[in-house]
Amino acid sequence: MKKSSLLALVGVGLILLINIYYLIVTYCVDAPWEHDWYDTFGKIFQITSSIAWILVGQFFLILYKKSK
């Protein structure tokens, strides 16, 4: 259970990191979508977001299996 809790914590940390990035970029850069780096980071963070949600989902799946 400790391992799955750690994975869920990493997943939540990644989700927070992604949200902070988009918050900072949206408010600090004028029209960020016009830059090439915005597209690159957007694709990287989409993949990272999927991995983060999988880690969080795995925690709840393990929690569900242990409760049975």
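This is a predicted model: local features need pLDDT of at least 70, side-chain atom pairs count only at pLDDT 80 or more; totals for chains, interfaces and linings use all residues.
User: What distance separates the end C-alpha atoms of α1, and what span should its 27 residues have?
Analyst: Helix α1 covers residues 2-28. At 1.5 Å a residue, its 27 residues should span 39 Å. The computed distance between the end C-alpha atoms agrees with that span, at 38 Å.

User: How far does α2 reach from its first C-alpha to its last?
Analyst: Helix α2 runs over residues 36-67 and has 32 residues.

User: Which helix do the buried residues of α2 pack against?
Analyst: The buried residues of α2 are Gly-42, Phe-45, Thr-48, Ala-52, Leu-55, Val-56 and Phe-59. In α1, the buried residues include Ile-15, Ile-18 and Tyr-21, and their cover includes α2. From the side of α2, the buried residues pack against α1.

User: Is Thr-48 buried or exposed?
Analyst: Thr-48 lies in helix α2, and its contacts beyond four places in sequence are with Leu-14 and Ile-18. Its relative accessibility is 19%. Buried means under 20%, so Thr-48 counts as buried.

User: Why is the pair of Phe-59 and Phe-60 edge-to-face?
Analyst: Phe-59 is buried, with a relative accessible area of 18%. The ring centres of Phe-59 and Phe-60 lie 5.2 Å apart. The pair is edge-to-face because the planes stand at 70°.

User: Which residues do ring pairs link into a cluster?
Analyst: Trp-37 is one of the residues in the cluster, and with a relative accessible area of 33% it is partly exposed. Ring pairs join the cluster, whose residues are Tyr-21, Tyr-22, Trp-37, Tyr-38, Phe-41 and Phe-45.

User: How much accessible area do Val-12, Leu-16, Ile-20 and Ile-24 have together?
Analyst: Leu-16 is in helix α1 and is partly exposed, with a relative accessible area of 48%. Val-12, Leu-16, Ile-20 and Ile-24 form a nonpolar patch on the surface. Their accessible area together is about 350 Å².

Definitions and conventions:
Residues are numbered from 1 along each chain as its sequence is written. Side-chain values use heavy atoms; hydrogens and water are left out. Helices (H or I, at least four residues) and strands (E, at least two) are DSSP runs, numbered from the N terminus. Buried means under 20% relative accessible area, exposed over 50%, partly exposed in between (1.4 Å probe, protein chains only). Contact means heavy atoms within 4.5 Å. Rings of Phe, Tyr and Trp (its six-membered ring) pair if their centres lie within 6.5 Å; planes under 30 degrees apart count as stacked, over 60 as edge-to-face and the rest as tilted. Patches are made of residues with over 30% relative accessible area and no salt bridge: like charges are joined within 9 Å, nonpolar side chains (Val, Leu, Ile, Met, Phe, Trp, Tyr) within 5 Å. Accessible areas come from the Shrake-Rupley method with a 1.4 Å probe; for residues, only the protein chains shown count as cover. A salt bridge is a side-chain nitrogen of Lys or Arg within 4 Å of a carboxyl oxygen of Asp or Glu. The expected span of a helix is 1.5 Å times one less than its number of residues.
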